[in-house]
Amino acid sequence: MSIPLSILDLVSIPEGSTAREGIAASMESARLADRLGYKRLWFAEHHNTPNLASSATALLISQAASVTEKIRVGSGGVMLPNHAPLMVAEQYGTLANLHGDRIDLGLGRAPGTDGMTAQALSRSSAEPQAFAQHIYDLQAWFGETGTAHSTPILSSVSQGMEVPIWVLGSTVNGASIAGQLGLPFSLASHFAPDQIDDAIRVYRESFSTEAPTARLEKPQVMAGINVIVADTDAEARHQFTTLQQMFLDLRAGRSRKIQPPVDPEQFAGSSPGMLEISAVGSPETVKAQLDEFVERTDADELITVTYAFDPAVRNRSLELLADLWY
């Protein structure tokens, strides 16, 4: 039986388009993903980027949950240094009250932006001990008493909601934190391939059910992978150049919206190594690539990332992926 497939959405803004249009396209994809049987739809927090509209994740989650019925909706993630933990508890408690037991809270320690913007957003420490304490408090705000361990402050809107918390990471450090906290781990392998095997090993070796934050009986890994499925390998490689351009822009410090695909030959030998973990091709090709990645990681779940200049291309990829996997 295939492991579950989920979706990470950064709400892309194609060249010639607006944030409003990008959000509308994202919500249409959410409806489709719900019908196709994907397990989760997560939104990733990013700031000061012209090509992404995923800055206010809680608002996107609420809208996506309101237009879907079954799929779990959450953050992948909330970058905790940018937010006061009490505000996170109140926002996600409110989401759970509005939409029931379909809300996930993925937490990361990175700012999700450049240094200047991070300074403008910064509200709390990213140090491991502070991060762990914030998670402990968040669990208490979501718990029976609705009161944090470190403060007598009550969050009535999150009380009893028990919103599941995930730890996001891309390195052995993040993996170790997730393991020691006894929480599920979402690995950002789709853009950080260098430490995949070590991170998963460290997570599983450090996993503890004894931590006060522990919520699992055994490790749970969700691994990220870039995916574009098309009717042919050639068409998929053509569409994949949109993502290749995005990462080359990132490396060059160039600021543009999402670009239309170009001739793949332009990227022969020059595609960023950050995109090593990708499944690109026809359904048959992608199925083989996904199977190989699952065998390598022994992941419990995959979270897929699909960028396309044309939203219809992304939706077609989602359909083909669901057909080949389920």
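**Exercise 1. Which residues of α7 meet which residues of α9, and how do the two helices cross?**

Step 1: Ile 196, Asp 197, Ile 200 and Arg 204 in α7 meet Phe 293, Arg 296 and Thr 297 in α9, where contact means heavy atoms within 4.5 Å. Helices (H or I, at least four residues) and strands (E, at least two) are DSSP runs, numbered from the N terminus.

A word on the model before going on: it is predicted, so local features need pLDDT of at least 70 and side-chain atom pairs count only at pLDDT 80 or more, while totals for chains, interfaces and linings use all residues. Residues are numbered from 1 along each chain as its sequence is written, and side-chain values use heavy atoms, with hydrogens and water left out.

Step 2: Sort the residues of this contact.

Step 3: Look at the axes, which are lines fitted to C-alpha atoms, for helices over the stretch in contact, with angles running from 0 to 180 degrees between N-to-C directions. The axes of α7 and helix α9 (residues 283–297) come within 10 Å and cross at roughly 45°. That makes α7 oblique to α9: angles under 35 degrees count as roughly parallel, over 145 as roughly antiparallel, 65 to 115 as roughly perpendicular and the rest as oblique.

**Exercise 2. Which residues form one aromatic cluster with Tyr 203?**

Step 1: Phe 185 and Tyr 203 form a tilted pair, 5.3 Å centre to centre with 35° between the planes. Rings of Phe, Tyr and Trp (its six-membered ring) pair if their centres lie within 6.5 Å; planes under 30 degrees apart count as stacked, over 60 as edge-to-face and the rest as tilted.

Step 2: Phe 185 lies in strand β6 (residues 185–187) and Tyr 203 in helix α7 (residues 196–206), so the pair ties together parts that are 18 residues apart in sequence.

Step 3: Tyr 203 also pairs with Phe 207, edge-to-face, at 5.9 Å centre to centre and 75° between the planes.

Solution: Phe 185, Tyr 203 and Phe 207 form one aromatic cluster.
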